[in-house]
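Please work through the two exercises below with the structure at hand, and try each task before reading its solution.

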Amino acid sequence: MAEKKMVEAITSMEDNFSQWYTDVVHKAELVRHSGVRGCMYVQPYGTALWENIRNELDARFKATGHENVMLPMFIPESLLQKEKDHVEGFAPEVAWVTHGGSEKLTERLCIRPTSEVLFCDYYAGIVQSWRDLPKLYNQWASVCRWEKTTRPFLRTLEFYWQEGHTLHETAEEAQAETEQMLNVYADFAEQHLAMPVIKGRKTDKEKFAGAVATYTIEALMHDGQALQAGTSHYFGDGFTRAFDINFTGRSGKVEYPHQTSWGMSTRIIGGIIMTHGDNSGLVMPPKVAPVQVIVLPIAQHKPGVIEGANAIADSLKDIARVKVDASDNSPGWKFAQWEMKGVPLRVECGPRDLEAGTCVVVMRHNREKITVNISDLPMQIPVLLQQVHDGLYQKALAHREEMTHTATTLEEICSIAKTKPGFIKAMWCGDLACEMQLKEQAGVTSRCIPFEQEKIADSCICCGKPAKEMVYWGRAY
RNA sequence: CGGGACGUGGCGAAGUUUGGUAUCGCGCCUGGUUUGGGACCAGGAUGCCGCAGGUUCGAAUCCUGUCGUCCCGACCA
């Protein structure tokens with residue numbers, strides 16, 4: 001018995017958070033390792049989760065006027081070279097194709113690490129007049145970055161994402177787009193994933209290669225490390241000048257359009273796991289859960305029980321993603337199995353319940369049990385799913401607040417960074433030197449300059465000069 | 001990329017020091033009994049011991065290389 005439990009156990013997160021994460025990813029049957037370093041086989045359950053995320057985001061992009069396109073996975077070296085900061089940022093981690101069949105290529109091709117330059121090359125051919133703007137595009141694709149260390153979802157060589165790329169007549173319009181998409185991400189994270197996020201701007205040191213400004217939503221994971229959950233960049237006209245994308249403006253003059261890009265990736269799945277998961281495994285936010293309600297017949301050999309379970313599932317099929325587990329595993333096995341997979345609601349129905357016209361509903365995140373009349377289920381399930389969502393959000397928010405500290409002296413920030421995981425709020429003068437020093441001495445990096453500023457001191461925590469802004473510092477995935 | 005650990009049926013391990021018929025638990029298949037927190041009995045199947053070389057009469061075991069995994073650190077939009 002004890003031995004058996006060992007076999008199935010998930011390492012507890014207090015013992016080793018990284019190992020816990022790895023265990024959950026595998027026990028919940030999200031992915032398996034492929035034979036290629038850092039690349040994963042995404043299993044049906046993981047794929048279904050991603051599809052739910054993708055479908056919702058896609059709908060939100062379309063609702064804000066964007067169209068999907070598909071660009072190639074290869075980038076000729078000369079094209080990648082066109083924007084200096086960009087190539088410097090990405091060249092160290094791209095994969096190169098040098099041969100096609102037995103033929104050696106005259107110019108090697110990189111496998112896209114991101115598609116800015118492809119979009120630029122594309123735009124150059126289709127934009128001539130101010131009437132051609134804006135271009136509001138998005139693509140769903142996978143990209144490749146040759147990372148040194150990899151972890152499922154959080155950092156893989158190949159990962160799936162969407163990348164929005166837009167082109168605008170004016171800087172103001174492009175900036176508004178950048179902000180709009182950051183808000184789309186933030187709203188999605190909070191309303192759909194029950195993941196509280198802090199909206200803000202990245203420092204110059206942390207911003208995207210080639211961007212004028214990078215905006216971010218930062219979430220705090222259960223272990224106190226930060227995760228950039230989504231990002232939105234304003235490029236100004238740096239790329240459009242480098243790629244000679246121009247148009248004839250309203251006044252008849254040649255102008256360069258202003259550009260944005262924004263992305264969210266399968267990394268967000270890692271974020272879901274590390275925000276809501278517990279020592280029994282995954283906890284799925286209801287709105288993206290591949291299975292929202294698992295119906296478990298108890299003593300299913302008895303007459304009418306499976307039929308009863310099927311009838312319950314049938315009554316919910318238009319209301320929630322529901323599944324009946326009528327496999328011949330024991331009930332205890334099924335409880336543990338579906339908890340590992342994080343299904344938000346479990347409906348148990350045995351002969352006693354069915355006779356009484358009731359069932360037991362158990363919430364995954366707090367294991368609360370309630371008895372519900374079967375006839376009330378179609379009305380109750382949406383309420384309960386929302387309750388789980390709210391519960392998850394509140395729990396994550398409370399956790400983040402508990403793990404957010406304030407520091408006003410260098411000594412204090414070093415001591416907090418060493419002893420208390422989480423965010424540290426501190427004032428900053430805006431100098432790179434201070435940012436570097438905090439990394440060096442406290443081991444923290446700037447996570448974001450939040451839009452919602454608080455003045456916690458007058459001077460920079462590092463150099464003592466007048467502070468420009470309050471920054472969230474921490475360690476990041 | 002550094003430091004450490006590791007790779008043996010689907011999963012978890014023993015066996016490697018000292019070379020000699022590949023073992024155990026779980027899972028899987030068949031049949032039966034069970035069923036409200038990881039059930040039980042009986043029978044059965046599944047291995048180029050990560051891969052490639054080498055040493056040897058003989059390699060899971062020794063040597064070399066390589067691929068992959070995990071943890072810590074560095075690096076990373």
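Predicted model: local features only at pLDDT ≥ 70, side-chain atom pairs only at ≥ 80, totals over all residues.

**Exercise 1.** Determine how helix α14 and helix α15 are oriented towards each other, and identify the residues that make their contact.

*Solution.* Begin with the geometry: the axes of α14, which covers residues 410-419, and α15, which covers residues 432-442, come within 9 Å and cross at roughly 50°. Angles from 65 to 115 degrees count as roughly perpendicular and those under 35 degrees as roughly parallel, so α14 is oblique to α15. The sense of this crossing of α14 and α15 is right-handed. Next, turn to the residues: α14 contributes Leu410, Ile413, Cys414 and Ala417, while α15 contributes Leu438, Gln441 and Ala442. Sorted by class, the contact of α14 with α15 holds six nonpolar residues and one polar residue, with no charged residues.

**Exercise 2.** Work out the orientation of helix α10 relative to helix α13, and describe the contact that they form.

*Solution.* Start again from the axes, which for α10 (residues 305-316) and α13 (residues 377-402) lie 9 Å apart, with a packing angle of about 65°. Because angles of 65 to 115 degrees count as roughly perpendicular, α10 and α13 are roughly perpendicular to each other. Their crossing, that of α10 and α13, is right-handed. On the side of α10 the contact is made by Ile312, Ser315 and Leu316, and on the side of α13 by Leu377, Pro378 and Ile381.

Methods:
Residues numbered from 1 in each chain as written. Chains lettered and ligands numbered in written order. Axes fitted to C-alpha atoms, helices over the stretch in contact; angles between N-to-C directions. Helix = DSSP H or I, 4+ residues; strand = E, 2+ residues; numbered from the N terminus. Parallel < 35°, antiparallel > 145°, perpendicular 65-115°, else oblique. Left-handed = near helix turned anticlockwise from the far one by under 90°. Contact = placed C-beta atoms within 7 Å. Nonpolar A, V, L, I, M, F, W, Y, C, P; charged D, E, K, R; others polar.
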